[in-house]
Amino acid sequence: MHCAAGEGDVESLRVLLAGGAGPEAADAAGWTPLRFAAQAQAPSAVEVLLAAGASVGAVDGQGNTPLCV
């Protein structure tokens with residue numbers, strides 16, 4: 001999810017989500033796929049993740065949210 005989001009790969013995101021991947025999965029730093037998509041300035045990926053229920057309020061290990069990028 002994180003790699004697809006960071007690359008703006010909407011098709012892979014859709015496949016992963018359809019397969020049961022969660023839009024809220026966080027990496028070791030607390031970054032969610034939405035944070036990766038926002039950091040990469042990938043609006044299509046952001047749209048897909050938000051439609052899947054990703055939270056804009058998810059806090060990473062530093063206390064930041066995807067809106068902080």
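Guide: We can begin with the contacts of Gly6. Leaving aside neighbours within four places in sequence, Gly6 is in contact with Phe36, Ala37 and Ala40. The model is a predicted one.

Visitor: What makes these count as contacts of Gly6?

Guide: Contact means heavy atoms within 4.5 Å. Phe36, Ala37 and Ala40 are the residues listed for Gly6 on that basis, with neighbours within four places in sequence left out.

Visitor: Where is Gly6 found, and why is Gly6 called partly exposed?

Guide: Gly6 is found in helix H1, residues 2-7. Buried means under 20% relative accessible area and exposed means over 50%. The value for Gly6 is 29%, which lies in between, so Gly6 counts as partly exposed.

Visitor: Which contacts does Ala5 have, neighbours within four places aside?

Guide: Ala5 is in contact with Leu13, Pro33, Phe36, Ala37, Ala42, Ala45 and Leu49. Ala5 is also among the residues with the most contacts inside the largest nonpolar core, which has 13 residues. Elements giving two or more residues to this core are H1, H2, helix H3 (33-39) and H4. In soluble globular proteins, nonpolar side chains tend to be buried together.

Visitor: Which residues of helix H2 are buried, and how do you know that they line one face?

Guide: The buried residues of H2, which spans residues 10-18, are Val10, Leu13 and Leu17. Seen down the helix axis, the buried residues of H2 fall within an arc of 60°, so they line one face. An α-helix has 3.6 residues a turn, so residues three or four places apart point the same way.

Visitor: What does the buried side of H2 pack against, and what is on the face turned away from it?

Guide: The buried residues of H2 pack against H1 and helix H4 (43-51). The face turned away carries the exposed residues Glu11, Val15 and Ala18. After H2 comes Gly20, with a positive phi near 105°.

Visitor: Where is Asp60, and why is Asp60 called buried or exposed?

Guide: Asp60 lies in the segment after H4. Its relative accessible area is 9%, and buried means under 20%, so Asp60 is buried.

Visitor: What makes the pairing of Asp60 and Trp31 a polar contact?

Guide: The limit for a pair of N or O atoms is 3.5 Å. The side chains of Asp60 and Trp31 are joined at 3.3 Å, which is within that limit, so the pair counts as a polar contact. Leaving aside neighbours within four places in sequence, Asp60 is in contact with Ala29, Gly30, Trp31 and Arg35.

Notes. Residues numbered from 1 in each chain as written. Predicted model: local features only at pLDDT ≥ 70, side-chain atom pairs only at ≥ 80, totals over all residues. Heavy atoms only, no water. Helix = DSSP H or I, 4+ residues; strand = E, 2+ residues; numbered from the N terminus. Buried < 20%, exposed > 50% of the residue type's maximum accessible area, 1.4 Å probe, protein only. Arc of directions from axis to C-beta. Polar contact = N/O pair within 3.5 Å; in protein donor to acceptor, adjacent residues only side chain to side chain. Core = buried A, V, L, I, M, F, W, Y, C linked by side-chain atoms within 4.5 Å.
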